[in-house]
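Please look through the model below with these notes beside it.

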Amino acid sequence: MKSFQSGRRRVMCPNIDCGIDLALDALSCPKCDEPLPVGLRDDFLEIDVAHSGETWTEALDKLEAAIDFARAQRFKGLRVIHGIGRETDADAWEGPGRIRRESLNYLRQAAVDIDAQLKPEKYNRGAHLLVF
Ligand SMILES: [Zn+2]
């Protein structure tokens, strides 16, 4: 699992007759012109939007940037750690409950916009996977 803005790696061209190494942010293969889909990598980019003192608006800004970065870098998807909030503040105006709620609203809309799937992480209420 790679953290946000971790070191770059390379991927191979998905055209089996080509298969050269590609820069992760290339839009198409320079050798065979194969357009490069998102999700070429096996791993998810991980981002934590809830444990660095973020406000909920900052959390959404981080999500937006991370989604763009993860797609440009061909990650399989994004693992979003939004925290579990607290039962008592699930509807709070500010705080962890709001970050969780706003993040999930944002991710649901993003999933529709970019044709991805949003899935709760197994055994962890504090994270979701956005699968490209
Ligand atoms: Zn190629």
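1. First, a term. A crossing of two helices is left-handed if the near helix is turned anticlockwise from the far one by less than a right angle, and right-handed if clockwise. Helix 1 passes helix 2 in a right-handed crossing. Helices (H or I, at least four residues) and strands (E, at least two) are DSSP runs, numbered from the N terminus.

2. Ground rules. This is a predicted model, in which local features need pLDDT of at least 70 and side-chain atom pairs count only at pLDDT 80 or more, while totals for chains, interfaces and linings use all residues. Residues are numbered from 1 along each chain, as its sequence is written.

3. The overall plan. The protein has two helices and seven strands. Read from the N terminus, the order is β-β-β-β-α-β-α-β-β. The protein has 132 residues, and 24% of them count as buried. Buried means that 20 or more other C-beta atoms lie within 10 Å of the residue's own; exposed means 12 or fewer; partly exposed is in between; C-beta atoms are placed from the backbone. Now take contacts, meaning residue pairs whose C-beta atoms, placed from the backbone, lie within 7 Å. Among contacts between residues at least 6 apart in sequence, 52% join residues at least 24 apart.

4. The helix pair. Helix 1 covers residues 56–72 and helix 2 covers residues 96–114. They pack at an angle of about 30°, with their axes 9 Å apart. Axes here are lines fitted to C-alpha atoms, for helices over the stretch in contact, and angles run from 0 to 180 degrees between N-to-C directions. Which residues of helix 1 meet helix 2? They are Trp56, Ala59, Leu60, Leu63 and Ile67. Their partners in helix 2 are Arg98, Ile99, Glu102, Ser103, Tyr106, Leu107 and Ala110. By class, this contact has nine nonpolar, one polar and two charged residues. Ala, Val, Leu, Ile, Met, Phe, Trp, Tyr, Cys and Pro count as nonpolar, Asp, Glu, Lys and Arg as charged, and the others, Gly among them, as polar.

5. Helix 1 by itself. Helix 1 has 17 residues and reaches 24 Å from its first C-alpha to its last, close to the 24 Å expected at 1.5 Å a residue. The expected span is 1.5 Å times one less than the number of residues. Trp56, Ala59, Leu63, Ala66, Ile67 and Ala70 are buried in helix 1. Seen down the axis of helix 1, these buried residues fall within an arc of 105°, so they line one face of the helix. The arc is that of the directions from the helix axis to the C-beta atoms. On the other side of helix 1, Thr57, Glu64 and Asp68 are exposed. The cover over the buried residues of helix 1 includes strand 4 (44–48), strand 5 (77–81) and helix 2.

6. Helix 2 by itself. Helix 2 has 19 residues and reaches 26 Å from first C-alpha to last, close to the 27 Å expected at 1.5 Å a residue. Its buried residues are Pro96, Gly97, Ile99, Arg100, Ser103 and Leu107. Seen down the axis of helix 2, they fall within an arc of 155°, so they line one face of the helix. On the other side of helix 2, Asn105, Gln109, Val112 and Asp113 are exposed. The buried residues of helix 2 pack against helix 1, strand 5, strand 6 (117–120) and strand 7.

7. Arg74 sits in the loop between helix 1 and strand 5. Its phi is near 65°, a positive value in a residue other than glycine. Is Arg74 buried or exposed? Arg74 is buried, with 22 other C-beta atoms within 10 Å. Phe75 lies in the loop between helix 1 and strand 5. Phe75 counts as buried, with 25 C-beta neighbours inside 10 Å. Leaving aside neighbours within four places in sequence, Phe75 is in contact with Arg41, Asp43, Phe44, Leu45 and Ala70. The C-alpha atoms of Phe75 and Leu40 are separated by 6.3 Å, although the two are 35 residues apart along the chain.

8. Asp115 follows helix 2, and its phi is positive, near 60°. Tyr123 lies in the loop between strand 6 and strand 7. Phi of Tyr123 is near 65°, a positive value in a residue other than glycine. Tyr123 counts as exposed, with 6 C-beta neighbours inside 10 Å.

Key
Two residues are in contact if their C-beta atoms, placed from the backbone, lie within 7 Å.
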